[in-house]
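Q: I'm new to this one and would like a close look at a single part. Could you take me through the helix that pairs its charges with a neighbour, and then show me what lies around it?

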Amino acid sequence: MWFAGPARRAPVAGRPQALRLGFSLTRGMKVGLYGGSFNPAHDGHAHVAETAKRRLGLDRVIWLVSPQNPLKSRHETADLDERIAGARALTQGIDMIVVGAETKLGSTYTIDTIRSLKARYPGVHFVWIMGADSLATFHRWKGWTQIMHEVPVAVVSRPWISLKSRFSPAALRFARFRLPSHAAVSLAGSKTPAWAFLFGRFNFQSSTALRERQQRSRTSGKG
């Protein structure tokens with residue numbers, strides 16, 4: 001198991017593509033950053049994004065479709081454009097933005113993405129959004145403790161894993177910085193580290209199950 005250590009600071013300038021990220025933000029906005037492979041995107045992802053937006057009072061939620069998750073197999077990950085298109089098909093309105101910004105920023109790790117966006121958009125109140133399944137393995141992310149000190153974190157309940165995730169290494173280490181769920185609306189403006197666990201109805205879709213069904217469909221089609 002990989003227990004990620006501190007991450008070195010990556011440069012935030014020097015890449016012309018970083019000037020064209022596909023969205024614009026203004027000072028004072030409360031913006032959720034929702035990162036993931038979305039391989040493929042499904043209603044469960046949309047549920048997490050919509051729950052966080054509503055409960056935190058966010059102005060925007062930016063879906064950051066990862067070019068390649070370092071913790072996942074490359075050969076099982078669909079092309080970036082395909083995953084972006086799938087995520088966009090699930091979102092509605094100008095307050096949900098799906099982009100492949102990490103490719104333009106040249107960042108491989110979440111910590112670098114967060115730092116780059118904070119430098120690019122001073123005065124914007126960013127919140128990192130994740131499902132409870134991600135919290136359960138958060139301690140394996142590169143620079144995970146630094147992420148907690150960079151931005152507040154919102155965790156949305158997910159089936160089967162929610163209870164276990166609340167006893168994960170990350171949850172236990174930062175237990176005293178957890179806000180009660182009724183105070184979640186103030187999370188974006190909270191001093192870091194700060195995080196909240198958002199309970200709600202469960203959505204049982206998962207990318208793993210969808211990929212398995214797609215694989216079975218392709219296999220049976222060859223028969």
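A: Let's start with Glu-150, which counts as buried at 17% relative accessibility. Keep in mind that this is a predicted model. Glu-150 forms a salt bridge with Arg-115, and their closest N and O atoms are 3.0 Å apart. Since Arg-115 belongs to helix 4 and Glu-150 to helix 6, this pair ties together parts that are 35 residues apart in sequence. Arg-115 is buried too, with a relative accessible area of 11%.

Glu-150 has another partner: its side chain also meets that of Lys-118 in a salt bridge, 2.8 Å from N to O. Here again helix 6 supplies Glu-150 and helix 4 supplies Lys-118, so the pair ties together parts that are 32 residues apart in sequence. Lys-118, though, is partly exposed, with a relative accessible area of 32%. Because these salt bridges share partners, Arg-115, Lys-118 and Glu-150 are joined into one network. As for the general idea, side chains of opposite charge can pair when their charged atoms come close.

Now for helix 4 itself, which covers residues 110-120. Eight of its 11 residues are buried, so helix 4 is largely enclosed by the rest of the structure. The buried ones are Thr-110, Ile-111, Asp-112, Thr-113, Ile-114, Arg-115, Ser-116 and Leu-117. What covers them? Strand 1, strand 2, helix 3 (101-105), strand 4 (125-131) and helix 6 are among the elements that do. Also worth a look is Arg-120, whose charged end sits over the ring of Tyr-121, 4.8 Å from its centre.

Follow helix 6 next, and you'll meet some aromatic rings. Trp-144 and Phe-174 have ring centres 6.1 Å apart and planes at 80°, so they make an edge-to-face pair. Trp-144 lies in helix 6 (residues 144-150), while Phe-174 lies in the loop between helix 8 (169-173) and strand 6 (178-179), so the pair ties together parts 30 residues apart in sequence. Both Trp-144 and Phe-174 are buried. They belong to one aromatic cluster along with Trp-128, Phe-138, Trp-141 and Phe-177.

Phe-38 and Trp-63 form a tilted aromatic pair, 5.1 Å centre to centre with 35° between the planes. Phe-38 is in the loop between strand 1 (30-36) and helix 1 (43-56), and Trp-63 is in strand 2 (residues 60-65), so this pair ties together parts 25 residues apart in sequence. Phe-38 is buried at 3% relative accessible area, and Trp-63 is buried at 0%. In that loop between strand 1 and helix 1 you'll also find Ser-37, buried with a relative accessible area of 7%. The C-alpha atoms of Ser-37 and Thr-77 are separated by 7.8 Å, although the two residues are 40 apart along the chain.

To put this part in context, step back to the whole chain. It has nine helices and seven strands, and 48% of its 223 residues count as buried. Among contacts between residues at least 6 apart in sequence, 81% join residues at least 24 apart. A search of the whole structure finds three salt bridges, including the one where the side chains of Lys-53 and Asp-95 meet at 3.2 Å, N to O. The structure also holds 10 aromatic pairs.

Definitions and conventions. Residues numbered from 1 in each chain as written. Predicted model: local features only at pLDDT ≥ 70, side-chain atom pairs only at ≥ 80, totals over all residues. Heavy atoms only, no water. Phe/Tyr/Trp six-rings, centres within 6.5 Å; stacked < 30°, edge-to-face > 60°. Helix = DSSP H or I, 4+ residues; strand = E, 2+ residues; numbered from the N terminus. Buried < 20%, exposed > 50% of the residue type's maximum accessible area, 1.4 Å probe, protein only. Lys NZ or Arg CZ within 6 Å of the ring centre and 35° of its normal. Contact = heavy atoms within 4.5 Å. Salt bridge = Lys/Arg side-chain N within 4 Å of Asp/Glu carboxyl O.
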